[in-house]
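These are my notes from looking through one structure. I wrote down each thing as I looked it up.

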Amino acid sequence: MNVIWTRSIVSVVLLAVLCAALGVLFSVKAALILAILVLLVQSIVSTFHKQRLWRLLDAPVYGEVPSAPGIWGEIYYRLHKLAKRWHAQVRQVEQQHSRFIQAIQASPNGVAMLDDHDQIEWCNAISEVHFGLDAKRDLRQHITHLVRQPDFVRYLNSHLYDEMLIMRGMGDKRQNVLSVQVFPYGENRKLVLSQDITELERTDAMRRDFVANVSHELKTPLTVLSGFLETMRELPLGETERTRYLELMEQQASRMRHIVSDLLVLATLEGDGKPPSSSQMIDMRAVLRHLKEDSQSLSGERHRISFDADEALTVTGVETELLSAFGNLLTNAIHYTPDGGTIHVNWQVQGECAVFSVIDSGLGIPAADIPRLTERFYRVDRSRSRDTGGTGLGLAIVKHVLQRHDAQLEVKSEEGRGSTFSVRFPAARTARRQPAPV
Ligand code: ADP
């Protein structure tokens with residue numbers, strides 16, 4: 001027997017005993033009046049508490065327990081305990097739900113959930129960007145009404161989701177490439193995952209271009225070489241012709257050697273992840289001496305070459321790499337400046353930066369070509385570069401070396417008037433050597 005029964009029976013018995021006592025002591029009438037009064041009070045109290053309970057159930061208050069004597073106090077207390085437990089459970093589920101949403105929002109991929117009619121139930125911020133959606137506005141909209149690309153509509157309706165779909169983005173991401181895959185779950189619901197693979201596609205295209213370019217660059221001298229070999233095997237050649245052919249074959253072999261060696265330099269630079277030391281000062285005097293000697297021997301007095309250098313000024317980094325980058329700029333100036341032209345090398349502080357410039361009075365470069373100069377195998381004029389034995393990789397190497405040294409390449413040029421290639425080192429890499437003791 002529970003507490004309610006016990007209390008009810010006790011109160012009925014008490015009331016009966018009291019009425020009987022009154023009946024015996026006074027009269028039956030008095031006993032009846034008491035019984036009616038007690039029942040009336042009890043009914044009023046019970047109505048009051050029912051009303052209160054009703055309000056409480058409508059809008060539960062978790063913090064405080066309404067006070068009441070007797071059984072009503074017990075009911076309120078138990079109800080309060082129940083409401084508190086239920087409230088804690090709801091809060092826990094809400095927290096889990098919000099953590100789950102935060103995790104999906106943090107994902108670098110787009111996530112959209114579709115109901116059994118392919119209507120959007122929810123999508124994260126990345127998915128909004130990928131498909132040009134608005135999570136609030138487009139809720140319950142059929143996804144194909146918003147993402148109307150025929151490829152996507154066909155893919156969604158095909159119900160064959162083993163493969164992913166490659167498609168263009170929507171909205172502001174029209175130029176981007178997306179990989180999209182649908183994963184069915186639950187009762188006919190779908191999860192649409194999307195990933196922006198623009199960068200991946202770009203590097204893939206660059207890799208394909210690079211392989212095609214290398215093959216093309218090596219194929220040309222190889223074809224020439226095999227042509228000469230065939231001629232030499234099939235035709236009886238005189239001594240002079242034979243010597244001439246061998247010379248030409250040697251030229252082609254050396255061209256291939258240059259390409260391969262430049263490619264190896266590039267691969268080494270790219271493969272070396274760690275930046276050059278920022279505490280090792282290079283010996284700029286030695287670098288300038290090498291540059292002077294090499295340029296004079298390459299030009300063979302066909303150009304007027306001058307140097308204006310602050311020899312105490314130096315930078316930190318890898319000397320061999322910087323010598324090769326500066327040498328490349330100077331070699332280009334000599335190659336692309338007709339005989340009799342001038343080439344001037346400048347090494348000075350400008351503002352807070354150390355700047356190395358090569359200024360030539362050569363052929364110059366059309367403005368449209370300047371931004372592309374550092375691309376691998378890019379040449380302004382193929383035949384001109386071939387004449388000089390250029391590989392089209394020199395400035396790509398320069399760019400890599402400079403990137404590793406936090407330096408920037410600036411090119412100014414005017415067709416027919418000459419070019420200026422400047423390398424600007426940041427203040428953090430610039431240093432000054434103490435003059436040697438007398
Ligand atoms: P290359 O080995 O062909 O010289 P680079 O990468 O060093 O290759 O240079 C790319 C192209 O930039 C060259 O083919 C040439 O057309 C152009 N170029 C570079 N330096 C100069 C310069 N000083 N004057 C004119 N054109 C230049």
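Predicted model: local features only at pLDDT ≥ 70, side-chain atom pairs only at ≥ 80, totals over all residues.

I began with C123. C123 has a relative accessibility of 4%. The cut-off for buried is under 20%, so C123 counts as buried. I then looked up C353, where the relative accessible area is 19%. That value is also under 20%, so C353 is buried.

Next I asked how many disulfides the count comes to. A disulfide is a covalent bond between the sulfur atoms of two cysteines. The rule asks for a pair of cysteine sulfur atoms within 2.5 Å. By this rule I noted 0 disulfides.

**Positive phi.** I turned to the backbone angles. Most residues other than glycine have a negative phi. H159 is not a glycine, yet its phi is positive, about 60°. I found H159 in the loop between α6 (150–158) and β3 (165–168). Is H159 buried or exposed? Its relative accessible area is 52%, and the cut-off for exposed is over 50%, so H159 is exposed.

D406 is another entry under this heading: it has a positive phi of about 60° and is not a glycine. I placed D406 in the loop between α12 and β10 (408–414). Its relative accessibility is 47%, which lies between the cut-offs of 20% and 50%, so D406 counts as partly exposed.

**Two distances.** I looked up A368, which sits in the loop between β9 (353–360) and α11. A368 has a relative accessible area of 65% and is exposed. From A368 to V380 I counted 12 residues along the chain, and their C-alpha atoms are separated by 9.7 Å.

R208 belongs to helix α7, residues 198–234. With a relative accessible area of 47%, R208 is partly exposed. I noted a C-alpha to C-alpha distance of 34 Å between R208 and E247, which are 39 residues apart in sequence.

**Domains.** I wrote down how the protein chain is divided: domain 1 (2–102), domain 2 (107–196), domain 3 (203–271) and domain 4 (284–432). How far apart do the C-alpha centres of domain 1 and domain 2 lie? I noted 55 Å for that pair.

**A record entry.** UniProt, in an unreviewed entry, lists residues 12–41 under "transmembrane region". In the model I found this span to be 93% helix and 0% strand. The C-alpha atoms at the ends of residues 12–41 lie 14 Å apart.

**Largest pocket.** I left the largest pocket for the end. About 790 Å³ of space lies in it. I noted 35 residues in its lining, with N328, N332, H335, G390 and G394 nearest the centre.

Which elements each supply at least two residues of this lining? I listed α8 (239–271), α10 (319–335), α11 (382–387), α12 (394–404) and β11 (418–425). The largest share comes from α10, with 7 residues.

I also sorted the lining residues of the largest pocket by kind: 12 are nonpolar, 18 are polar and 5 are charged. As for domains, domain 3 and domain 4 each give at least three residues to the lining of the largest pocket.

Definitions and conventions: Residues numbered from 1 in each chain as written. Heavy atoms only, no water. 1 Å grid on protein atoms, 1.4 Å probe; cavity = no way out; pocket = protein on both sides within 12 Å on 5 of 7 lines; lining within 4 Å. Points joined across faces, edges and corners; volume = space filled by probe spheres on them. Helix = DSSP H or I, 4+ residues; strand = E, 2+ residues; numbered from the N terminus. Nonpolar A, V, L, I, M, F, W, Y, C, P; charged D, E, K, R; others polar. Domains from an automatic or database assignment. UniProt positions renumbered as here; feature names shortened; annotations may be inferred. Buried < 20%, exposed > 50% of the residue type's maximum accessible area, 1.4 Å probe, protein only.
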